[in-house]
Amino acid sequence: MVLKKKYKLLLLTVLWLIIISILYSMGILTTDMNKLSNIINGNPIKMQLIFVFLSTIRIIFFIPQTIFILAGSFIFGPYVGFALSLLSLVLSQSIMYFIGRYFNKELLGEEFYNKHSTIIDTIKTYGYKILALGIICPVAPSDLIIASAACIKLSYKKCILVTVLADAPLIFLYGFIGSNIAETYLIKVLAILAISFISYYSFVIWNKISKNLK
């Protein structure tokens, strides 16, 4: 088991280094904003495809989606960034559902059920309501919640629909926080306040439900 975990960690590290090397060779990994702007303006479609690809495979490296939402809004603006982040959300959560539904034992392992039994029991009890709450709550492992929902065979279409409806408003708000448009200063403040309120409220509910099931 230890060797298996070490092998998975080594594989993730190698994949991460390969992606970093490719991005560096393309000139995307740079702190020179003028250079990055020229790359984006030179081939915006290509940059958007790369962003969606990276934002989708983030699940392999356990990277929070929020990082890519902020980066996407900064690079492409709040509206295009919102569309790209929403697309990558559907793709990444579809992958997690597919893994949880058909390859849970092969990829997640038998220990997945024991380690995340509380999440699975919570979803069994509350269904799609807890799925929406888990997507919104900042401390809830949303990717694992989708995989867990698939393990107990909740509907794919309903899972993705609930995920999009729950996460789309937050993606939109995060988009304005990451935007580099000067005129959106007031909107940024309002977005931060709204996200803070939603995050705190969802955390309180999630924490209460988790304690009740223990």
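1. Asp-167 lies in helix H11, which covers residues 156–178; helices are DSSP runs of H or I with at least four residues, strands are runs of E with at least two, and both are numbered from the N terminus. The model is predicted, so local features need a pLDDT of at least 70 and side-chain atom pairs count only at pLDDT 80 or more, while totals for chains, interfaces and linings use all residues. Residues are numbered from 1 along each chain as its sequence is written, and side-chain values use heavy atoms, with hydrogens and water left out.

2. Asp-167 has a relative accessible area of 10% and is therefore buried. The term buried means under 20% relative accessible area, exposed means over 50%, and partly exposed lies in between (1.4 Å probe, protein chains only). Beyond its neighbours within four places in sequence, Asp-167 is in contact with Gln-65, Leu-89 and Ile-135; a contact means heavy atoms within 4.5 Å. From Asp-167 to Cys-137 the separation is 30 residues in sequence and 10.0 Å in space, C-alpha to C-alpha.

3. Two further residues of H11 deserve attention. Thr-163 is found in this helix and is buried, because its relative accessible area is 1%. The side chain of Thr-163 reaches the backbone oxygen of Cys-159 at 2.7 Å. If residues up to four places away in sequence are not counted, Thr-163 touches Leu-89, Gln-93, Ile-135 and Ile-146. Gly-175 also lies in helix H11, and its relative accessibility of 3% is why it counts as buried. Leaving aside neighbours within four places in sequence, the contacts of Gly-175 are Ile-69, Ser-73 and Pro-78.

4. Ser-94 belongs to helix H5 (residues 78–102). With a relative accessible area of 18%, Ser-94 is therefore buried. The side chain of Ser-94 makes a polar contact of 2.7 Å with the side chain of Tyr-156. A polar contact is a pair of N or O atoms within 3.5 Å; within protein, one atom must be able to donate a hydrogen and the other to accept it, and residues adjacent in sequence count only if both atoms are side-chain atoms. Apart from neighbours within four places in sequence, Ser-94 is in contact with Tyr-156 and Ile-160.

5. The whole structure contains 1 salt bridge, a term that requires a side-chain nitrogen of Lys or Arg within 4 Å of a carboxyl oxygen of Asp or Glu. Its partners are Asp-143 and Arg-58, whose closest N and O atoms are 3.0 Å apart. The pair links distant parts of the chain, 85 residues apart: Asp-143 is in helix H10 (residues 142–151), and Arg-58 is in the loop between H3 and helix H4 (65–76). Both Asp-143 and Arg-58 are buried.

6. The buried residues of H3 are Met-47, Ile-50, Phe-51, Val-52, Leu-54, Ser-55, Thr-56 and Ile-57.

7. Lys-153 has a phi near 65°, a positive value in a residue other than glycine. Most residues other than glycine have a negative phi. Lys-153 is placed in the loop between H10 and H11, and it is exposed because its relative accessible area is 58%.

8. Leu-190 is placed in helix H12 (residues 185–213).

9. Finally, the chain as a whole. Its secondary structure comes to 12 helices and 0 strands. Of its 214 residues, 42% are buried. Among contacts with a separation of 6 or more, 73% are between residues 24 or more positions apart. The accessible surface is about 12,600 Å², and 69% of this belongs to carbon and sulfur atoms; areas come from the Shrake-Rupley method with a 1.4 Å probe, and for residues only the protein chains shown count as cover.
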